[in-house]
Amino acid sequence: EMPLHVTFATVELVTLVENWLTYSLRANIKKIVVVSLDEALHSWCEKELEERKRHRREDDDDEFACVSGSHLLDKSKLGHSLSGGFREVKESFYALMNVKIQIIETFLLNAYDLLISDADVTWVRDPMPYFNTGNLGKVDIAVSADCVFHFRGDLIDK
C-alpha cells in the first residue's frame with residue numbers, strides 16, 4: 001500500500017507548495033495530500049485540484065487531495081514578524097506544530113501510512129523504493145531535520 005504523501009503549509013508558502021505538488025506528480029508519486037493551515041491556501045488548493053483534474057490524462061492514476069486544518073488552528077496565537085510571516089514567531093510556530101501533530105495523529109489512527117515532507121522539498125523520483133530497502137525498510141519511523149531551533153520541546157499544549 002502506498003503511503004499518503006503529505007505536506008503542510010500556509011498561503012505564504014503557496015509558491016513552494018505549487019512546486020512541491022508539480023514535482024511530486026512528475027515523480028509519479030501517488031496519494032498526494034496538501035494540508036492547508038489557512039483558508040487562503042485551502043482556496044488555492046481547491047482551485048489547483050480542479051485545474052489539474054481538467055488537464056488529466058485518462059491513464060493518470062495519481063490521487064491529489066486538499067485537506068483543511070485551519071479550523072484546528074488557534075488564531076489568537078498567531079503573531080506576525082516584521083517580515084510579514086508568522087512562522088518566525090515562537091508562539092505561532094508552536095500553534096502550527098500543534099495542528100500538524102493533531103492531523104498526523106488523525107491520519108495514523110485511521111491506519112494511513114505517511115510520507116511527510118516540507119513544501120520546500122523537491123522530489124525528482126518516487127522515494128518509496130529507497131525507503132523500502134536496507135535498514136529504512138525495517139523501521140516504522142524515520143526523521144530528518146535540516147535545521148535546529150532553540151525552541152522548547154513541549155509543542156503540545158497541556
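Is tyrosine 130 exposed or buried, and what is its relative accessible area? Tyrosine 130 is exposed, at a relative accessible area of 56%. The close-ups below come from a predicted model.

**View 1. A parallel open sheet of four strands.** The strand order is β3-β2-β1-β4, and the pairing is parallel. Strands β3 (64-68) and β4 (114-116) form the edges, each pairing on one side only. From one strand to the next, the twist averages 25 degrees.

**View 2. Strand β1 beside β4.** Strand β1 (residues 4-9) runs parallel to β4, and three bridges join the two. Valine 6 stands opposite isoleucine 116 of β4.

**View 3. Helices packed on the sheet.** Helix α2 (residues 39-54) touches β1, β2 (32-36) and β3. The direction of α2 makes about 160 degrees with that of β3. Helix α3 (residues 90-109) also packs on the sheet, touching β1, β2 and β4. Its direction makes about 165 degrees with that of β1.

**View 4. An edge-to-face aromatic pair.** The structure holds two aromatic pairs. One of them joins phenylalanine 107 and tyrosine 112, at 6.0 Å centre to centre and 85 degrees between the planes. Phenylalanine 107 counts as buried, at 14% relative accessibility. Tyrosine 112 is partly exposed, at 41%.

**View 5. A tilted aromatic pair.** The ring centres of tyrosine 130 and phenylalanine 131 lie 5.7 Å apart. Their planes stand at 55 degrees, so the pair is tilted. Tyrosine 130 is exposed, whereas phenylalanine 131 counts as partly exposed at 25% relative accessibility.

**View 6. A charge over a ring.** Arginine 26 places its charged end over the ring of tyrosine 23. The distance from the ring centre is 4.8 Å.

Conventions: Residues numbered from 1 in each chain as written. Predicted model: local features only at pLDDT ≥ 70, side-chain atom pairs only at ≥ 80, totals over all residues. Heavy atoms only, no water. Pairing = 2+ DSSP bridges. Axes fitted to C-alpha atoms, helices over the stretch in contact; angles between N-to-C directions. Contact = heavy atoms within 4.5 Å. Phe/Tyr/Trp six-rings, centres within 6.5 Å; stacked < 30°, edge-to-face > 60°. Buried < 20%, exposed > 50% of the residue type's maximum accessible area, 1.4 Å probe, protein only. Lys NZ or Arg CZ within 6 Å of the ring centre and 35° of its normal.
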